Amino acid sequence: MGRTVVTSNARRVTLALTAIGAVLAPTTPAFAAPVPPPVDLRADVDRDGRVDVTGTTDTAGEDGWTADRGAVFLPNIDDDTKRCPAAGPGGRPLSDAALAACNDAADAVVNGGADASDLARVRSVPMANLPATATGTLTLRAGAKNTRVFVKRTSGWALVTGKTRLTATELRAGVEFGVEATDVVRDAKAWGGRAVLRLTVTVPGGRTTTDDVTLRVAPLLTHHHLQAAQQLMVTKVPGKDDYARRQQAFVAGLAQEVKSAGITPPLLTFDKYQDVWAQDFVEPGYVSMPAVDGRRQVIRVMLRSAQPDRESGRELFEKLRGRGVGVVQVSGVRESEEWTLNSMGNLETVPPYTHGGRSFPAGRIIMGERKDYGSKPAQAMRTLLASQGMQDPLLLDTSWLHVGHVDEFVQFLPADTPRGWKIGIADPEAGLKLLRDAQKAGHGKVRMFSVPGTKDTPAPKETIDQALASRWLVADNTMAAQRIRANLAVLQRETGVTDAEVVRVPALYTRGTEEAERGDRVPRLTRLGAGQVPEAVSEYGQQRELTRRTDRAGTAETVMTSAYVPGAVNGILLARDRYLAPRQWGPVIGGKDVFTDAVTAAYTTAGMRVSYIDDWYTYHLGMGEVHCGTNTLRSTADAWWRR
């Protein structure tokens, strides 16, 4: 159990004299020094939310950490008393570094009862027979740079320093400590989250005994779709222009859909920076540890995108950080031509699974990379995510997508299967089949899109015949289908998901305006050119100019596409059986939208009730959809640890 006894100099002299046959004098003070009782320091090794100082449930394995046993402590990065400033003197903006520097672990005090609840408890077993002049000290043998310890005294919590001395009275009664990490694990090579506490007790004569206990910081985890949605987040654009009115209508419609799905908290709206891509500047996550009565002590963590020039991420500190909510941002990231790969729409989480000898009880992260160009999301972010040791990021190839986000073609849906979920995947071949079937049935002259036009943006006029005759549409979707199949094969290989556990959702993709203009017979009215997208849409990410480059072989240019018909998989799972998709605005034949009917049928087979919300002018024309424009806080009730 890590317990040692270190003898004093007098003791070593006694042993030496004994070895040569000297006569001992038991009444000599040096030989009468009391033997110190054993020190026993304990933590919540069995993860039941309590520290057992009377039994043995928290003794075995206290010096290690496994999936089944080992004490957990939190990175205490929330702001329980809202003491962290959102602005500097005179209201001047704080730097990103200054915003991130303040949290409950940034000071050396316990900020009230809520902050105390974020401390992992460590206790010493009462030492009843301890001499009155004995003293104790607590030191950190590992993790000292990232760990802070407090001792609970009658006057409150006090920081443990090198000068802190525990009295015999305290040690006789048993001492309670509170432990916090000052940050999440960012690079496991620099610090893997391990802290080792040592309690040393010294008795008269200089004799000491020690005991160690090991804790490990809770991993920062992202959410998956088996965790219930609890609150939706969206940006609200002020003003009375056409775009603002439409976006406000979208927010109102979203609020109604959320209420209908049984989610009672109101929408959490971002208001300051007008970045309408609420999915992209933040990924909600959480850290948690066991608490009493089977509960969890949780801090929600807003993981800011690795885009240092994206101001909207500042609102996470300015508005959301507070009691039970912290913010993490990575540093050392430079603005790059692959800026959009660092958006959080490019980070999704596979639900928990075990396959091929590997287990992911908290799910597994997927992110997109541009394999054709050798471009990946920021190294600092990938290192942070991998260093949590739980959700080992898996990279998929999004070279073929203009924006390049995984949420443009794949999702995960709760289902009554052995693993509890299915993969929802965009199916361009099914989308082409819908058009070809309509054409064969004599409906080729029907307009491809049923969306009404506006004063500034005429309604698309292409017909089904014209779309299928397009120089690019069939080729683009044949290519997209090939790329999607390759990504699906990776997911199936990694997870063990069978074809029967894949929900195929009709979709269509098309290349960007600049490519479509090169001889295409059909005007791409569903793709606005530069200057036609409102600033609120174009300023961040989705319409941001991407550099065109040749592939590594230098022989060809990769075609980059985005959704032609609003991407149905790019929607929101509101409940286990409720799905909100972007309104399709497809061809209307016999009074029915053929894409809406096909999408509804696909989700119905997965046990979903589907509703639709119009995002055509607010998000779709900016190369995104409902999911891109929203974000979701989900349940943190699941225990990521095993017992």
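1. A word on terms before the cavities: a cavity here is a set of grid points where a 1.4 Å probe fits but cannot get out, and its lining residues have an atom within 4 Å of a point. Please keep in mind that this is a predicted model.

2. How many cavities of 30 Å³ or more does the structure hold? There are two.

3. Now to the largest cavity, with a volume of about 280 Å³. It is lined by 22 residues, and H225, Q279, E348, H627 and R634 are the closest to its centre. Several strands take part: β15 (282-290), β18 (347-350), β23 (410-414), β28 (572-575) and β33 (630-634) each give two or more residues to the lining. Which element gives the most? That is β33, with four residues. By class, you will find seven nonpolar, 11 polar and four charged residues around this cavity.

4. On to the cysteines. How many disulfides does a search of the whole structure find? The search finds one, and it joins C84 to C102 with an S to S distance of 2.2 Å. C84 sits in the loop between β3 (71-73) and α2 (96-101), while C102 sits in the loop between α2 and α3 (112-117), so the bond ties together parts that are 18 residues apart in sequence. The torsion about the S-S bond is about -85°, which means the disulfide is left-handed.

5. Are C84 and C102 buried or exposed? Both of these cysteines are buried. Another cysteine to look at is C628: its relative accessibility is 0%, and because buried means under 20%, C628 counts as buried.

6. Last, have a look at D183, which lies in the loop between β9 (176-181) and β10 (194-203). Its side chain makes a polar contact with the side chain of R186, at 2.5 Å. What else is D183 in contact with, leaving aside its neighbours within four places in sequence? The residues in question are P75, I77, W191 and V217.

How values were computed:
Residues are numbered from 1 along each chain as its sequence is written. This is a predicted model: local features need pLDDT of at least 70, side-chain atom pairs count only at pLDDT 80 or more; totals for chains, interfaces and linings use all residues. Side-chain values use heavy atoms; hydrogens and water are left out. A disulfide is a pair of cysteine sulfur atoms within 2.5 Å. Buried means under 20% relative accessible area, exposed over 50%, partly exposed in between (1.4 Å probe, protein chains only). A polar contact is a pair of N or O atoms within 3.5 Å; within protein, one must be able to donate a hydrogen and the other to accept it, and residues adjacent in sequence count only if both atoms are side-chain atoms. Contact means heavy atoms within 4.5 Å. On a 1 Å grid over the protein atoms alone, a cavity is a set of points where a 1.4 Å probe fits but cannot get out, and a pocket is an open set with protein on both sides within 12 Å along at least five of seven lines; lining residues have an atom within 4 Å of a point. Grid points are joined across faces, edges and corners, and a volume is the space filled by probe spheres set on the points. Ala, Val, Leu, Ile, Met, Phe, Trp, Tyr, Cys and Pro count as nonpolar, Asp, Glu, Lys and Arg as charged, and the others, Gly among them, as polar.
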